[in-house]
Amino acid sequence: MARFSELCLGPLETVPVSVVAQPGVTLMSLVADALGGRSQGVHPTWRRVLRSAVPEGAEAVLRPLFNPEYSMVPDCLTPTAPLWETDLSVQLDRLADVSPHLLLRELESDFGGTVPRQWQSVVDRPKSFIQAYAAILSAVWEAFGPIWARAGSLLARETERVGVAVVSNALPLVLAGLGPKIRFTGQTLYVPDPHPEVFERGARRVVLVPIVSGNGASVFSFDRSDAVWFGYPVPGLNTLWAAQEATTERDPLKLVVGSLRAGILRELARPSTMGSLATTLNCTPATVTYHCGQLEAAGLLTRERRGQHVVARRTATGEALVTLLSG
(Lines give C-alpha, C1' and ligand atoms only; values in the text may rest on other atoms or scores of the structure.)
Protein backbone atom coordinates (compact mmCIF):
# COMPACT_ATOMS: atom_id res chain seq x y z
CA MET A 1 0.00 0.00 0.00
CA ALA A 2 1.32 3.44 -0.98
CA ARG A 3 2.25 5.75 1.89
CA PHE A 4 2.23 9.54 1.77
CA SER A 5 3.89 12.43 3.52
CA GLU A 6 1.52 15.31 4.24
CA LEU A 7 2.11 19.03 3.78
CA CYS A 8 -0.46 21.19 5.54
CA LEU A 9 -0.59 24.41 3.50
CA GLY A 10 -3.13 26.47 5.45
CA PRO A 11 -5.63 28.82 3.77
CA LEU A 12 -4.64 28.92 0.11
CA GLU A 13 -5.45 32.59 -0.34
CA THR A 14 -2.55 33.39 2.02
CA VAL A 15 0.00 31.02 0.45
CA PRO A 16 2.87 32.71 -1.45
CA VAL A 17 3.54 30.63 -4.57
CA SER A 18 6.41 30.59 -7.08
CA VAL A 19 7.25 28.43 -10.09
CA VAL A 20 10.90 27.59 -10.72
CA ALA A 21 12.16 25.63 -13.73
CA GLN A 22 14.90 23.99 -11.68
CA PRO A 23 16.83 21.47 -13.87
CA GLY A 24 18.45 19.83 -10.84
CA VAL A 25 15.08 18.43 -9.75
CA THR A 26 14.57 16.89 -13.19
CA LEU A 27 18.09 15.48 -13.01
CA MET A 28 17.44 13.75 -9.67
CA SER A 29 14.16 12.34 -11.00
CA LEU A 30 15.97 10.92 -14.04
CA VAL A 31 18.72 9.41 -11.89
CA ALA A 32 16.20 7.87 -9.49
CA ASP A 33 14.37 6.17 -12.37
CA ALA A 34 17.16 5.14 -14.72
CA LEU A 35 19.76 4.16 -12.10
CA GLY A 36 18.10 4.06 -8.69
CA GLY A 37 15.21 1.68 -9.28
CA ARG A 38 12.62 4.33 -8.30
CA SER A 39 10.12 4.58 -11.14
CA GLN A 40 9.32 8.11 -12.29
CA GLY A 41 7.67 7.05 -15.55
CA VAL A 42 10.67 7.95 -17.72
CA HIS A 43 10.23 7.00 -21.37
CA PRO A 44 12.00 3.68 -22.12
CA THR A 45 14.00 5.28 -24.93
CA TRP A 46 15.24 8.05 -22.64
CA ARG A 47 16.02 5.50 -19.92
CA ARG A 48 18.19 3.46 -22.30
CA VAL A 49 20.04 6.56 -23.46
CA LEU A 50 20.81 7.58 -19.88
CA ARG A 51 21.97 4.13 -18.83
CA SER A 52 24.27 3.97 -21.82
CA ALA A 53 25.73 7.38 -21.02
CA VAL A 54 26.94 6.74 -17.47
CA PRO A 55 30.20 5.08 -16.39
CA GLU A 56 30.28 1.36 -15.65
CA GLY A 57 29.11 0.58 -12.12
CA ALA A 58 26.96 3.72 -11.76
CA GLU A 59 24.07 1.80 -10.15
CA ALA A 60 26.39 0.46 -7.45
CA VAL A 61 27.73 3.95 -6.69
CA LEU A 62 24.20 5.31 -6.27
CA ARG A 63 22.82 2.37 -4.28
CA PRO A 64 23.19 4.06 -0.84
CA LEU A 65 20.99 6.97 -1.94
CA PHE A 66 18.11 4.78 -3.11
CA ASN A 67 18.30 1.89 -0.67
CA PRO A 68 14.76 0.64 0.12
CA GLU A 69 15.45 0.76 3.87
CA TYR A 70 16.05 4.51 3.84
CA SER A 71 16.09 6.68 0.75
CA MET A 72 17.95 9.90 1.44
CA VAL A 73 20.20 12.33 -0.42
CA PRO A 74 22.33 14.59 1.84
CA ASP A 75 21.83 18.29 1.16
CA CYS A 76 25.43 18.72 0.02
CA LEU A 77 24.83 16.15 -2.76
CA THR A 78 21.66 17.68 -4.18
CA PRO A 79 21.91 19.74 -7.38
CA THR A 80 18.99 21.85 -6.14
CA ALA A 81 20.65 24.05 -3.54
CA PRO A 82 20.21 26.92 -3.78
CA LEU A 83 16.80 26.20 -5.29
CA TRP A 84 16.80 29.48 -7.21
CA GLU A 85 20.04 28.66 -9.08
CA THR A 86 18.79 27.34 -12.44
CA ASP A 87 22.18 27.12 -14.16
CA LEU A 88 22.87 23.43 -13.66
CA SER A 89 26.52 23.72 -14.68
CA VAL A 90 27.07 25.82 -11.54
CA GLN A 91 25.36 23.20 -9.40
CA LEU A 92 27.36 20.33 -10.91
CA ASP A 93 30.64 22.19 -10.40
CA ARG A 94 29.67 22.71 -6.77
CA LEU A 95 28.95 18.99 -6.35
CA ALA A 96 32.35 18.02 -7.71
CA ASP A 97 33.98 20.29 -5.10
CA VAL A 98 32.03 19.06 -2.07
CA SER A 99 34.34 18.50 0.90
CA PRO A 100 34.52 14.89 2.15
CA HIS A 101 34.40 16.29 5.69
CA LEU A 102 31.14 18.11 4.92
CA LEU A 103 29.58 14.93 3.53
CA LEU A 104 30.60 12.89 6.57
CA ARG A 105 29.32 15.59 8.90
CA GLU A 106 25.93 15.68 7.15
CA LEU A 107 25.63 11.89 7.23
CA GLU A 108 26.31 11.90 10.97
CA SER A 109 23.70 14.60 11.47
CA ASP A 110 21.07 13.09 9.16
CA PHE A 111 21.29 9.66 10.76
CA GLY A 112 21.67 10.78 14.36
CA GLY A 113 25.26 9.59 14.69
CA THR A 114 24.60 6.02 13.50
CA VAL A 115 25.20 5.83 9.75
CA PRO A 116 23.34 2.86 8.19
CA ARG A 117 25.23 -0.09 6.78
CA GLN A 118 24.43 0.81 3.17
CA TRP A 119 26.40 4.06 3.55
CA GLN A 120 29.54 2.39 4.93
CA SER A 121 31.35 2.33 1.57
CA VAL A 122 30.79 6.10 1.30
CA VAL A 123 32.07 6.68 4.83
CA ASP A 124 35.18 4.61 4.05
CA ARG A 125 36.01 6.50 0.85
CA PRO A 126 34.06 9.77 0.74
CA LYS A 127 36.31 11.55 -1.76
CA SER A 128 36.12 8.70 -4.28
CA PHE A 129 32.34 8.57 -3.86
CA ILE A 130 31.94 12.32 -4.44
CA GLN A 131 34.04 12.16 -7.62
CA ALA A 132 32.12 9.17 -8.97
CA TYR A 133 28.75 10.68 -8.02
CA ALA A 134 29.51 14.01 -9.70
CA ALA A 135 30.71 12.22 -12.86
CA ILE A 136 27.48 10.20 -13.04
CA LEU A 137 25.23 13.24 -12.70
CA SER A 138 27.26 15.15 -15.29
CA ALA A 139 27.03 12.24 -17.75
CA VAL A 140 23.26 11.96 -17.28
CA TRP A 141 22.74 15.66 -17.87
CA GLU A 142 25.03 15.75 -20.90
CA ALA A 143 22.85 13.04 -22.47
CA PHE A 144 19.55 14.63 -21.45
CA GLY A 145 20.40 18.29 -21.98
CA PRO A 146 18.99 18.52 -25.53
CA ILE A 147 15.61 17.21 -24.33
CA TRP A 148 15.54 19.76 -21.50
CA ALA A 149 16.22 22.47 -24.07
CA ARG A 150 13.31 21.26 -26.22
CA ALA A 151 11.05 21.48 -23.17
CA GLY A 152 11.58 25.24 -22.82
CA SER A 153 8.19 26.16 -24.26
CA LEU A 154 6.39 23.68 -21.99
CA LEU A 155 8.11 25.12 -18.92
CA ALA A 156 7.29 28.70 -19.93
CA ARG A 157 3.64 27.76 -20.53
CA GLU A 158 3.42 26.07 -17.11
CA THR A 159 4.88 29.13 -15.36
CA GLU A 160 2.21 31.27 -17.00
CA ARG A 161 -0.56 28.77 -16.15
CA VAL A 162 0.28 28.72 -12.46
CA GLY A 163 0.63 32.51 -12.35
CA VAL A 164 -2.85 32.96 -13.82
CA ALA A 165 -4.26 30.41 -11.36
CA VAL A 166 -2.76 32.24 -8.38
CA VAL A 167 -4.20 35.65 -9.31
CA SER A 168 -7.59 34.17 -10.23
CA ASN A 169 -7.95 32.10 -7.02
CA ALA A 170 -7.78 28.85 -9.01
CA LEU A 171 -4.76 27.42 -7.18
CA PRO A 172 -6.79 24.44 -5.82
CA LEU A 173 -7.40 23.27 -9.40
CA VAL A 174 -3.66 23.38 -10.10
CA LEU A 175 -2.78 21.50 -6.91
CA ALA A 176 -5.42 18.85 -7.62
CA GLY A 177 -3.92 18.10 -11.02
CA LEU A 178 -0.17 17.79 -10.36
CA GLY A 179 0.19 14.23 -11.62
CA PRO A 180 -0.92 10.70 -10.77
CA LYS A 181 1.21 10.37 -7.63
CA ILE A 182 0.31 13.66 -5.92
CA ARG A 183 -2.99 14.24 -4.14
CA PHE A 184 -4.59 17.39 -2.79
CA THR A 185 -7.54 17.55 -0.40
CA GLY A 186 -8.79 20.57 1.51
CA GLN A 187 -5.61 22.38 2.54
CA THR A 188 -3.29 19.35 2.53
CA LEU A 189 -0.96 18.02 -0.14
CA TYR A 190 -0.05 14.31 -0.12
CA VAL A 191 3.10 13.03 -1.83
CA PRO A 192 4.30 9.39 -1.95
CA ASP A 193 7.04 8.68 0.58
CA PRO A 194 8.32 5.32 1.91
CA HIS A 195 9.01 7.11 5.22
CA PRO A 196 5.98 9.40 5.64
CA GLU A 197 5.91 12.43 7.89
CA VAL A 198 3.54 15.34 8.49
CA PHE A 199 4.81 18.86 7.77
CA GLU A 200 3.39 22.33 8.43
CA ARG A 201 4.11 25.02 5.86
CA GLY A 202 4.10 27.76 8.46
CA ALA A 203 5.10 31.04 6.82
CA ARG A 204 7.29 29.46 4.17
CA ARG A 205 6.89 30.06 0.45
CA VAL A 206 5.53 27.23 -1.72
CA VAL A 207 7.61 26.53 -4.83
CA LEU A 208 6.23 24.45 -7.68
CA VAL A 209 8.90 22.78 -9.81
CA PRO A 210 7.73 21.28 -13.13
CA ILE A 211 9.79 18.18 -13.98
CA VAL A 212 10.81 17.01 -17.46
CA SER A 213 11.36 13.30 -16.84
CA GLY A 214 8.29 11.09 -16.64
CA ASN A 215 4.56 11.22 -16.01
CA GLY A 216 5.07 9.57 -12.62
CA ALA A 217 7.64 12.10 -11.40
CA SER A 218 7.54 13.11 -7.75
CA VAL A 219 10.43 14.81 -5.95
CA PHE A 220 10.01 17.10 -2.93
CA SER A 221 11.61 18.79 0.05
CA PHE A 222 9.50 19.97 2.97
CA ASP A 223 12.20 20.56 5.60
CA ARG A 224 13.95 23.69 4.30
CA SER A 225 13.68 26.82 6.45
CA ASP A 226 12.97 29.21 3.57
CA ALA A 227 10.55 27.29 1.34
CA VAL A 228 8.74 24.02 0.72
CA TRP A 229 8.99 22.70 -2.79
CA PHE A 230 7.68 19.80 -4.78
CA GLY A 231 8.26 18.65 -8.32
CA TYR A 232 5.59 17.26 -10.62
CA PRO A 233 5.38 16.24 -14.31
CA VAL A 234 5.25 19.28 -16.58
CA PRO A 235 1.97 19.26 -18.54
CA GLY A 236 2.47 18.31 -22.18
CA LEU A 237 5.37 15.96 -21.50
CA ASN A 238 3.89 13.42 -23.90
CA THR A 239 4.54 15.80 -26.80
CA LEU A 240 8.27 15.42 -26.19
CA TRP A 241 7.87 11.65 -26.15
CA ALA A 242 5.92 11.80 -29.42
CA ALA A 243 8.76 13.76 -31.00
CA GLN A 244 11.23 11.16 -29.70
CA GLU A 245 9.14 8.33 -31.14
CA ALA A 246 8.94 10.08 -34.51
CA THR A 247 12.73 10.20 -34.55
CA THR A 248 13.14 6.56 -33.54
CA GLU A 249 10.71 5.41 -36.25
CA ARG A 250 13.60 6.12 -38.64
CA ASP A 251 15.95 4.06 -36.46
CA PRO A 252 17.98 1.79 -38.80
CA LEU A 253 18.41 -0.84 -36.07
CA LYS A 254 14.63 -1.11 -35.69
CA LEU A 255 14.26 -1.48 -39.44
CA VAL A 256 16.75 -4.37 -39.46
CA VAL A 257 15.79 -6.41 -36.36
CA GLY A 258 12.41 -5.00 -35.33
CA SER A 259 11.37 -2.59 -32.58
CA LEU A 260 11.46 -4.90 -29.54
CA ARG A 261 14.69 -6.67 -30.52
CA ALA A 262 16.32 -3.29 -31.14
CA GLY A 263 15.23 -2.27 -27.65
CA ILE A 264 16.73 -5.45 -26.19
CA LEU A 265 20.06 -4.94 -27.93
CA ARG A 266 20.26 -1.30 -26.90
CA GLU A 267 19.31 -2.10 -23.31
CA LEU A 268 22.18 -4.62 -23.24
CA ALA A 269 24.77 -1.87 -23.27
CA ARG A 270 25.18 -3.53 -19.86
CA PRO A 271 24.33 -7.16 -19.03
CA SER A 272 20.75 -7.49 -17.83
CA THR A 273 18.37 -10.14 -16.47
CA MET A 274 15.26 -11.26 -18.33
CA GLY A 275 13.08 -9.70 -15.64
CA SER A 276 14.83 -6.34 -15.86
CA LEU A 277 14.52 -6.32 -19.65
CA ALA A 278 10.81 -7.13 -19.43
CA THR A 279 10.21 -4.31 -16.94
CA THR A 280 12.17 -1.74 -18.92
CA LEU A 281 10.59 -2.66 -22.25
CA ASN A 282 7.06 -3.00 -20.85
CA CYS A 283 6.46 -6.56 -22.00
CA THR A 284 6.14 -10.01 -20.43
CA PRO A 285 9.18 -12.11 -19.43
CA ALA A 286 8.01 -14.80 -21.88
CA THR A 287 8.09 -12.29 -24.75
CA VAL A 288 11.58 -11.13 -23.81
CA THR A 289 12.78 -14.74 -23.51
CA TYR A 290 11.47 -15.59 -26.97
CA HIS A 291 13.09 -12.61 -28.67
CA CYS A 292 16.36 -13.11 -26.77
CA GLY A 293 16.35 -16.69 -28.05
CA GLN A 294 16.07 -15.43 -31.63
CA LEU A 295 18.83 -12.88 -31.09
CA GLU A 296 21.01 -15.56 -29.50
CA ALA A 297 20.46 -17.86 -32.48
CA ALA A 298 21.62 -14.99 -34.70
CA GLY A 299 24.80 -14.63 -32.64
CA LEU A 300 23.91 -11.16 -31.35
CA LEU A 301 23.71 -11.98 -27.63
CA THR A 302 24.46 -14.75 -25.15
CA ARG A 303 22.56 -15.87 -22.06
CA GLU A 304 23.93 -17.32 -18.84
CA ARG A 305 22.10 -18.59 -15.76
CA ARG A 306 23.23 -17.05 -12.46
CA GLY A 307 21.33 -18.58 -9.56
CA GLN A 308 17.64 -17.84 -10.10
CA HIS A 309 18.25 -15.35 -12.90
CA VAL A 310 19.23 -15.56 -16.56
CA VAL A 311 21.60 -12.76 -17.58
CA ALA A 312 21.90 -11.64 -21.21
CA ARG A 313 24.78 -9.71 -22.75
CA ARG A 314 25.63 -8.56 -26.25
CA THR A 315 28.23 -10.48 -28.23
CA ALA A 316 30.96 -8.74 -30.21
CA THR A 317 28.74 -9.15 -33.27
CA GLY A 318 25.83 -7.58 -31.42
CA GLU A 319 28.02 -4.69 -30.30
CA ALA A 320 29.19 -4.13 -33.86
CA LEU A 321 25.64 -4.18 -35.24
CA VAL A 322 24.36 -1.67 -32.68
CA THR A 323 27.35 0.60 -33.32
CA LEU A 324 26.95 0.35 -37.10
CA LEU A 325 23.23 1.17 -37.04
CA SER A 326 23.29 3.86 -34.36
CA GLY A 327 25.23 6.53 -36.17
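Reader: Is Ala203 buried or exposed?

Author: This is a predicted model, in which local features need pLDDT of at least 70 and side-chain atom pairs count only at pLDDT 80 or more, while totals for chains, interfaces and linings use all residues. Residues are numbered from 1 along each chain as its sequence is written, and side-chain values use heavy atoms, with hydrogens and water left out. Buried means under 20% relative accessible area, exposed over 50% and partly exposed in between, using a 1.4 Å probe and protein chains only. Because its relative accessible area is 75%, Ala203 is exposed.

Reader: Where is Ala203 found?

Author: Helices (H or I, at least four residues) and strands (E, at least two) are DSSP runs, numbered from the N terminus. By that numbering, Ala203 belongs to the loop between β5 (198-200) and β6 (205-211).

Reader: How far apart in space are Ala203 and Leu9?

Author: In sequence, 194 residues separate Ala203 from Leu9. In space, taken from C-alpha to C-alpha, the distance between Ala203 and Leu9 is 9.4 Å.

Reader: Which residue does the side chain of Glu158 contact?

Author: Glu158 is found in helix α8, and it counts as buried because its relative accessible area is 2%. A polar contact is a pair of N or O atoms within 3.5 Å; within protein, one must be able to donate a hydrogen and the other to accept it, and residues adjacent in sequence count only if both atoms are side-chain atoms. At 2.6 Å, the side chain of Glu158 makes such a contact with the side chain of Tyr232.

Reader: Is Val167, which is also found in helix α8, buried or exposed?

Author: Helix α8 covers residues 152-167, and Val167 is found in it. Since its relative accessibility is 70%, Val167 counts as exposed.

Reader: Is Glu267 buried or exposed, and how far in space is it from Arg63?

Author: Glu267 lies in helix α12 (residues 259-267), and it counts as buried because its relative accessibility is 8%. Glu267 and Arg63 are 204 residues apart in sequence, and their C-alpha atoms are separated in space by 20 Å.

Reader: Which residues of α2 are buried?

Author: Helix α2 spans residues 44-53, and seven of its 10 residues are buried, so it is largely enclosed by the rest of the structure. The buried residues of α2 are Pro44, Thr45, Trp46, Arg47, Arg48, Leu50 and Arg51.
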